[in-house]
Amino acid sequence: MTENPWGNLHTGGSEAKRVDSKGRHDFFWVVSDRGEPGLVLRLAAETEAIRPLPKMKNLDLSYRDLEGRQGLVLLLKDPEQKELFASLCRDIVSAGELAAGNADALQRALRRTLRWHHLLRGGRSDILSLEEQRGLVGELHFLEKLIDLTGPTSAIEAWRGPLGSAKDFELGECLVEVKARRGAARPYVQISSEDQLSDVESASLVLTVVPVDAVIKPHGMTLTDHVQALEDVFAQADLETYSRWEETLASTGFDFEDDYSERRWIAGEPDFYSVRDDFPRITTPLKPGVSGVRYSIALDACAPFEIAFEDVSSLITESLAA
């Protein structure tokens with residue numbers, strides 16, 4: 001695999017160069033009619049194409065006929081990212097070559113493409129702060145519970161906070177805001193905006209407080225370990241669900257390439273509160289000129305509103321069935 005694998009190829013895709021002459025799968029370097037560098041995985045006759053393919057900003061992913069056989073074609077649309085794209089392609093090939101069969105190679109190639117996608121669209125390169133790590137572990141802990149309750153597709157569709165929603169999870173008319181806190185910390189949680197605990201018409205709102213503590217090896221798991229546990233779950237789902245997982249995870253700022261080995265985390269059982277009526281919070285609308293509100297609420301003041309997870313499960317199930 002040379003530094004510029006497309007250097008000796010002409011445009012048009014009429015010629016292709018096998019990535020590894022000894023490889024078990026048919027990966028080829030190609031250049032499109034428009035001069036775009038690309039990678040092709042030629043499919044075996046018995047391999048069924050996975051559809052729908054995800055739409056990506058800087059990449060063109062499609063199936064094309066290649067001398068009577070179908071192939072997965074990945075092309076780079078942004079020429080400035082050619083060097084990074086070459087690394088992506090090599091990583092895709094490495095992942096695909098671990099597959100015993102052609103269909104599994106296709107699955108691995110698509111999933112590895114999705115993992116790299118956010119880097120090509122300008123993902124952050126700095127690692128998450130300790131509080132950001134704690135918060136993500138808390139949300140992943142609730143996401144895991146939600147997968148057990150609704151299945152991976154409904155669960156990942158509900159995780160909206162990283163994508164810009166005011167609430168972390170939206171399950172029909174049941175909204176869930178997740179807060180992570182140190183188990184031994186003062187019994188308060190931080191509310192970072194006036195919208196997080198605001199009412200939404202005809203919807204119920206649940207505040208979930210997850211104790212997340214840093215622990216010493218060999219106890220607990222790194223942030224990467226926590227993410228990997230759910231990565232393994234979503235890898236068994238359909239491609240559209242997996243694509244949604246990769247997109248949402250990327251939006252949190254997490255990257256598998258970052259080193260989180262110095263800190264290990266353990267999440268305890270959450271407490272749940274029904275946010276309604278006189279629940280201690282700042283409500284909207286705010287007075288004109290007031291915005292960007294941040295405040296703390298004492299958990300002992302929330303005690304009268306505490307509910308069991310069974311109650312939360314019923315709210316979610318009924319909301320999704322409506």
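What follows is a walk around Lys-167 and the charged residues linked to its surroundings.

A: Happy to! Please keep in mind that this is a predicted model. Lys-167 sits in the loop that runs between helix H4 (152–158) and strand E6 (169–171). Lys-167 is buried, yet it has no salt bridge. The nearest side chain of opposite charge belongs to Glu-177, 6.3 Å away.

What does the side chain of Lys-167 have as a polar neighbour? One of its polar atoms lies 3.4 Å from the backbone oxygen of Ser-198. Setting aside neighbours within four places in sequence, Lys-167 also touches other residues, among them Arg-160, Gly-161, Leu-175, Val-176, Asp-195, Gln-196, Val-200 and Leu-205. Glu-177 and Ser-198 belong to that list of contacts too.

Now let's turn to Glu-177. Its side chain meets that of Lys-179 in a salt bridge, with N and O 3.9 Å apart. Glu-177 counts as buried because its relative accessible area is 1%, and Lys-179 is buried as well, with 12%.

For context, a search of the whole structure finds twelve salt bridges. One of them joins Glu-131 and Arg-134, with the closest N and O atoms 3.3 Å apart. Both residues lie in helix H3 (residues 130–150), three residues apart, about one turn of the helix. Arg-134 is buried, at 7% relative accessibility.

Conventions: Residues numbered from 1 in each chain as written. Predicted model: local features only at pLDDT ≥ 70, side-chain atom pairs only at ≥ 80, totals over all residues. Heavy atoms only, no water. Helix = DSSP H or I, 4+ residues; strand = E, 2+ residues; numbered from the N terminus. Buried < 20%, exposed > 50% of the residue type's maximum accessible area, 1.4 Å probe, protein only. Lys, Arg positive; Asp, Glu negative; His and termini not counted. Salt bridge = Lys/Arg side-chain N within 4 Å of Asp/Glu carboxyl O. Polar contact = N/O pair within 3.5 Å; in protein donor to acceptor, adjacent residues only side chain to side chain. Contact = heavy atoms within 4.5 Å.
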